[in-house]
Amino acid sequence: MPEEREEAEEYIAESLIKDMFRVLDKNRCGFLTCAEFRTLISGMSEVSVTKDEMEELIEDVDKNRDGRVTYDGK
């Protein structure tokens, strides 16, 4: 039973991520530019991120260094 619960939780998390990305990708191009991502993070009033932390975040999400944040959820 724990395995089934874990699979269900992963499915729900994946669905939420996919839905959130669709909301953020307003022009439906399939990616967010790093500038859009930076604006999104900066606009979150509950979050205070330094310039260095922001660069680290972008480095983490822009794996192929193309200046885009792409969600590859199928």
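In which helix does C34 lie? C34 is part of helix α2, which covers residues 34-42; helices (H or I, at least four residues) and strands (E, at least two) are DSSP runs, numbered from the N terminus.

The model is predicted, so local features need pLDDT of at least 70 and side-chain atom pairs count only at pLDDT 80 or more, while totals for chains, interfaces and linings use all residues. Residues are numbered from 1 along each chain as its sequence is written, and side-chain values use heavy atoms, with hydrogens and water left out.

C34 counts as buried because its relative accessibility is 11%. Buried means under 20% relative accessible area, exposed over 50%, and partly exposed in between (1.4 Å probe, protein chains only). Leaving aside neighbours within four places in sequence, C34 is in contact with I58, D62, G67 and R68, where contact means heavy atoms within 4.5 Å.

D25 sits in the loop between α1 and β1 (31-33). Beyond its neighbours within four places in sequence, D25 is in contact with G30, F31 and L32.

| Backbone nitrogen | Distance to a polar atom of the D25 side chain |
|---|---|
| C29 | 3.2 Å |
| G30 | 2.7 Å |

I12 belongs to helix α1 (residues 2-24). I12 is partly exposed because its relative accessible area is 48%.

Technical notes: Polar contact = N/O pair within 3.5 Å; in protein donor to acceptor, adjacent residues only side chain to side chain.
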